Amino acid sequence: MDIALFARHTDYEWEIAPHGAMRVPAVIYADEALIRAMDHKVYEQVCNVATLPGIVKASYAMPDAHWGYGFPIGGVAAFDPEDGGVVSAGGVGFDISCGVRCLHTGLNSEDVIAVQKALADTLYREIPAGLGSTGAIRLNQSEMDAMLTGGAAWAVKRGHGSAADLEHIEEHGQMRGARPECVSEHAKKRQRDEMGTLGSGNHYLEVQKVVKVFDVKAAQAFGIRENDVVVSIHCGSRGLGHQIGTEFLKAMVIAASGYGIMLPDRELACAPINSPLGEDYLGAMRAAINCAFANRQILTHLVRDAFAMVLPKARLPLLYDVSHNTCKVEEHVVDGKPRKLYVHRKGATRAFGPGHPDIPAALRSVGQPVLIGGSMGTGSYILAGAREGEALSFSSACHGAGRAMSRHQAYKTWKGRQVIDELAARGILIRSPSGRGVAEEAPGAYKDVSAVVDAADAAGLAHKVARLEPLVCIKG
Amino acid sequence: MNKKRWEHFPHEADMGVRGIGNSKEEAFEQAAIAMSAVITDPAKISAVERVEIACTAPDDELLLVDWLNALIYEMATRKWLFSRFEVHIKEHQLVASVWGEPMDTDKHQLAVEIKGATYTALRVAQESSGEWVAQCVVDV
């Protein structure tokens with residue numbers, strides 16, 4: 001993008017003054033190189049979000065922002081129901097509550113490298129991954145509804161993991177206000193055999209080595225040291241969330257004009273928070289958040305079983321679980337006054353600063369863990385939410401690297417086998433049912449995650465704690 | 001007039017599907033093939049069994065999204081892929097017969113699951129050449 005379009009407040013904060021139908025300014029957090037490299041569509045989309053009714057303060061974009069649907073991916077916006085604020089199915093996206101969960105293993109890299117191939121093969125055998133794969137669990141109607149209200153707590157009750165896990169998940173693993181009756185039969189049917197599946201595309205399960213610690217105090221609070229091994233799981237609410245997104249997007253597109261909402265882009269489909277449609281969507285979306293929690297919890301259990309087969313001394317307590325496609329009710333201070341706002345994060349991670357009561361007690365002093373996924377080759381990061389983030393972006397940070405190249409281009413550029421061999425030569429074992437899927441997700445098709453994380457750190461959204469590099473990657 | 005055909009167009013994170021034909025129906029059919037081609041090579045999908053699909057929407061563009069989403073739903077719940085499509089549109093009602101077969105990881109080399117058809121780059125229109133175009137981005 002042309003930097004002349006922005007007022008540069010700091011080296012990392014770029015503002016677009018309200019123009020046209022914009023009700024508030026738009027703000028992008030990034031360094032100059034990232035801004036220049038961003039697609040102009042991000043500019044259009046972040047400005048379009050600023051036109052929606054009841055938006056508070058500004059429409060934000062994170063350093064990994066790229067062209068999304070309605071909202072940019074990496075978009076954050078808060079709405080006040082007392083001010084005609086809206087909830088947007090487009091602002092949450094299709095993969096409701098897609099997120100990242102990180103597990104300790106109690107192992108170091110030497111432990112894992114000694115059995116790396118066996119571990120990769122066992123994980124690949126035990127974790128259903130890729131298009132068309134199904135889980136071992138079948139839910140009848142009452143169990144489905146119990147899962148949609150209970151989330152990870154439901155999964156723990158069924159024997160998938162322990163109660164201690166729940167303390168380390170946003171909302172304690174159970175989103176309140178879920179209404180299974182607002183979830184269509186189609187959405188439930190789509191989920192029937194998908195519990196405990198990883199999915200495909202950019203979803204993955206990785207065994208990772210902590211290669212660098214940037215903040216020793218925070219790393220200590222999070223329980224990680226250099227050379228430790230952790231497991232990260234990236235996936236969401238599977239078919240159920242996709243179907244809810246699809247159905248409410250259509251309902252909101254059709255209903256918008258009746259609510260007097262002018263949509264600059266149909267994908268911004270939304271409804272007033274205080275409307276039957278808005279309330280139904282919130283009830284269904286919260287059920288999908290629980291589905292994502294339950295799904296990641298079941299996958300966690302499968303990972304623990306797989307480790308027990310290969311590395312019986314491993315213990316895999318949960319470090320933390322974050323969702324990056326959500327709308328949540330949170331209290332934020334705006335102009336000195338606390339307000340209850342509906343914060344949309346579309347490809348953005350909640351990043352509460354130190355002391356926030358919603359952070360587990362053991363981690364509270366250093367801020368909420370912010371888990372950032374990279375590509376198969378480039379590594380991932382753990383950050384901690386920063387106090388300044390509250391005033392900057394309603395306590396939000398980036399979520400990943402973002403693509404630098406379309407899938408089409410990546411598939412033309414690489415062969416799956418070649419990507420797998422090159423990574424194996426660097427000590428990274430890939431297991432995937434699809435060579436084409438691996439080619440489309442090649443490391444070179446992604447932006448440099450380090451540049452994104454450095455910008456988030458420098459902007460004050462979250463602070464770098466540790467960098468992770470993959471040893472094993474299970475790719476759907 | 002040119003032959004009916006399909007193509008992909010780039011989206012930063014995902015993929016655009018475009019069908020082109022001599023009628024709106026043909027464009028919808030070709031867009032469906034383009035969507036199958038996001039997942040696998042459509043030539044690898046045998047048209048062995050038939051499924052009936054019906055949908056209704058207030059306009060042609062919403063109807064295209066509905067049509068593709070109906071196919072996504074059938075693929076997801078049946079674990080099938082489709083390669084042959086026969087579409088009939090009257091007013092804003094679509095009825096279609098589609099043919100395909102169960103997904104087979106080895107045979108189809110499945111690239112990626114499609115989460116939903118979106119309203120991004122959505123367009124259904126007759127060009128000045130007389131050809132119909134039906135396109136949108138699908139989220140993967």
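**Chain contacts and local packing in the predicted model**

In this predicted model, 37 residues of chain A are in contact with 28 residues of chain B. On the chain A side, the elements giving two or more residues are β4 (59-69), α8 (185-191), α10 (238-255), α13 (407-413) and α15 (435-440). The most comes from α10(A), with eight residues. By class, this side of chain A holds 18 polar, eleven charged and eight nonpolar residues.

Within chain A, α10(A) also packs against helix α11 (residues 276-310). Two packed helices are described by the angle between their axes and the distance between the axes. Here the angle is about 165°, and the axes are 9 Å apart. Because angles over 145 degrees count as roughly antiparallel, α10(A) is roughly antiparallel to α11(A). The crossing of the two helices is left-handed.

The α10(A) side of this contact consists of A:Arg238, A:Leu240, A:Gly241, A:Ile244, A:Phe248, A:Ala251, A:Met252 and A:Ala255. These meet A:Leu277, A:Tyr281, A:Ala284, A:Met285, A:Ala288, A:Cys291, A:Ala292 and A:Asn295 of α11(A). The residues of the contact comprise 13 nonpolar, two polar and one charged. An α-helix has 3.6 residues a turn, so residues three or four places apart point the same way.

Chain B contains an open sheet of three strands. The strand order is β3-β5-β4, and the pairing is antiparallel. β3 (49-56) and β4 (80-90) of chain B stand at the edges. Each has a single partner strand, so one side of each is left without a neighbour in the sheet. From one strand to the next, the twist averages 20°.

The pairing of β3(B) with strand β5 (residues 93-102) of chain B is antiparallel and runs over eight bridges. In one of these strands, β5(B), B:Gln93 is the bridge partner of B:Thr56. Helix α2 (residues 60-78) of chain B packs on the sheet. This helix touches β3, β4 and β5 of chain B. Its direction makes about 140° with that of β3(B).

Further along chain A lies helix α16 (residues 449-459). Buried residues in α16(A) are A:Val449, A:Val452, A:Val453, A:Ala455, A:Ala456, A:Asp457 and A:Ala459. A:Gly460 follows α16(A). The phi of A:Gly460 is positive, near 95°.

Definitions and conventions: Residues numbered from 1 in each chain as written. Chains lettered and ligands numbered in written order. Predicted model: local features only at pLDDT ≥ 70, side-chain atom pairs only at ≥ 80, totals over all residues. Contact = placed C-beta atoms within 7 Å. Helix = DSSP H or I, 4+ residues; strand = E, 2+ residues; numbered from the N terminus. Nonpolar A, V, L, I, M, F, W, Y, C, P; charged D, E, K, R; others polar. Axes fitted to C-alpha atoms, helices over the stretch in contact; angles between N-to-C directions. Parallel < 35°, antiparallel > 145°, perpendicular 65-115°, else oblique. Left-handed = near helix turned anticlockwise from the far one by under 90°. Pairing = 2+ DSSP bridges. Buried ≥ 20, exposed ≤ 12 C-beta atoms within 10 Å, placed from the backbone.
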